[in-house]
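Good morning, and thank you for coming. Please look at the sequence and the structure while I speak about strands and aromatic rings.

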Amino acid sequence: ATGVPQWTQTHDGSGLIDQPVALAVSPDGTRLFVTGTSSPTSYVGAFGYKWPDLDIGTVAYDAVSGTPLWTAYYHGAPAVPYEEGRDVAVSADGNLVLVTGVAQTDTSDDFITVAYDASSGTELWSTRFEGSGGGGGPYDLDRPTALAIDPLGRWVLVTGSSKPFGGANERLAVVAYDLTTGVELWRLVRPTTDIDRPTALAIDPGGSRAVLTGSSRTTSGESRALSLVLDTLTGAELASAIYSGADVTAPSFAAPAAVISHNARRFFVGAWGSNADADSDQVVLSYLVPRLSADVDSISTSTGGTQVLALVTEHKHAGRPYLVLGSTTAPGYGIPIDFVELPLGYDSYLLYTITHANQPPLFQTLGLLDASGLGQAHLALPPALGAPLAWTILHHAYLVFDVPGTGGAILASNTASVLLEP
C-alpha cells in the first residue's frame, strides 16, 4: 500500500450541509454505503431566513471504482426540518441497507430506522421508536447511536438513549424490528437513576446474543463503562458489567467498541479513561457470557439416555440459587419473571419443572452455583417411553436468583434443547 487513495468521491447536495457519520461495506465487498446528515434543500423559516432542511442522507458507491450508484434521503415530518443519520449496516445476504438516526417532531426526538433495497436505494420500510419507556410522550428525547443486523437475517437491533421529559436521567434503550417488515418485536428501556448512553452494539455470529456498551454517569458525577448482554430473541438481559477502574469515562468511539466471540462465550469492550496522573489510557475488557449448554441434542425413547446441562455464569453469581425449567412449546418472546424474561413457552411441562424440582426426569435442577459461578443439572430418561413422546422436543433454560438480596430472578439463560427420537 502506498497511502495514495484509489479513488475519491465528493457528495455535494444542493443544500448547505453534507456530513458523513458512518459507513458499511456489502458482504461481497462490491458496494460501499455512507450515511449521515444532508440538506438537499433549504428550509425557509420565519422572516424569510433560510435554515438547513436536514435529512438523513445515504449514498451507495461502487467499492472498486467509486462510482455513485444511488442516493436516498429520509425526510420525516414536513414541518420539522431536522433528521440526522447515526449508523448504517448491511444484511448478511447483501440485499438490505439499514440506517438509523434522529428524527424530530414538533415536540420530541425519536429513533428512526429505515430499510433500503441495497441495489436500487428504494425505501422498503421505516419505523419510529417514540417516547421513553414506550409511552410516546411529548418532549421525550430518544436518540439512537448504533444498530446491528442479525447474521441469520431475522431482525435488526437499534440502541440509543431515552430521556423522558423533565427527567435528569437518560436510559439505555434497545428495540428489535423484523428485518423484512420493520414490525417491532420487543423493546427494552432499562430503568436507572443514572445517565446511561450506549455507544456500540454487536451481535454474535449465531444471532443469539447481543452486546451493548456505553457510559454510565452516576448522580454524584462518577463515570463508568457499562456493558450488557441481551438475548436477541426476547430482549432479556442476561448479564451486565460496570467498570470504574482508572476513572473510566466511556468506551472508545472507535469501531469496534464491542465485539463478541464466534461461539458467543466471551465479549470484549474497548474503553478509555484517565488515571491518577490525568493521562487518558486505553482499557480492553474481557467478559464471560452466561450460557446453558448440553452434551447431546437427542435421546432415544426406546433405549433412554441422559443429557447433561452445564450452567455457566459470572463469578459474581457464586453461591446464588439457580433453577432449571423446561417447556415442550417452542421458545417464544419470553415469560416475564421479576427482572428478566424466561425464553420458554408456557405449558404443562413448565409447570411440572416448577413444582417438581430435583425430581425425575430432571435432577439437580435446583441448587447453588459453585465458587466459579458454575452449575450442572441432568435429564435422565428411562427406556421404553413409548410412541406418544417420539419427536417431542424439550427446551430447558435456567434462572439465577438474587439471594441474599431481593430474592428475585436476575438472570435468565439461553435455551438448550433435546429431541426425543423413536
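**Strand pairing and aromatic pairs**

In strand β23, Leu-309 has Ala-294 standing opposite. Please keep in mind that we are looking at a predicted model. Strand β23 covers residues 305–312 and is joined to β21 by 4 bridges, with the two strands running antiparallel. Both belong to an open sheet of 4 strands, in the order β21-β23-β29-β27, with antiparallel pairing. Which strands stand at the edges of this sheet? They are β21 (291–294) and β27 (362–363); each has a single partner strand, so one side of each is left without a neighbour in the sheet.

I turn now to strand β32, residues 416–421. Its covered face consists of Ala-416, Val-418 and Leu-420, whereas Ser-417, Leu-419 and Glu-421 form the uncovered one. Strand β22, residues 298–300, pairs with β32 in the parallel sense over 3 bridges. Strand β30, residues 393–401, runs antiparallel to β32 and is joined to it by 4 bridges. Leu-419 in β32 has Ser-298 opposite, and Ile-393 also stands opposite Leu-419.

Finally, the aromatic rings. The structure holds 5 aromatic pairs. In one of them, the ring centres of Phe-33 and Trp-70 are 6.0 Å apart and the planes are at 40°, so the pair is tilted. Phe-33 lies in strand β2 and Trp-70 in strand β4, 37 residues apart, and the pair thus links distant parts of the chain. Phe-33 and Trp-70 are both buried. Ring pairs also link Phe-33 and Trp-70 with Tyr-116 into a cluster.

Conventions: Residues are numbered from 1 along each chain as its sequence is written. This is a predicted model: local features need pLDDT of at least 70, side-chain atom pairs count only at pLDDT 80 or more; totals for chains, interfaces and linings use all residues. Side-chain values use heavy atoms; hydrogens and water are left out. Buried means under 20% relative accessible area, exposed over 50%, partly exposed in between (1.4 Å probe, protein chains only). Two strands pair if DSSP finds at least two bridges between them. Rings of Phe, Tyr and Trp (its six-membered ring) pair if their centres lie within 6.5 Å; planes under 30 degrees apart count as stacked, over 60 as edge-to-face and the rest as tilted.
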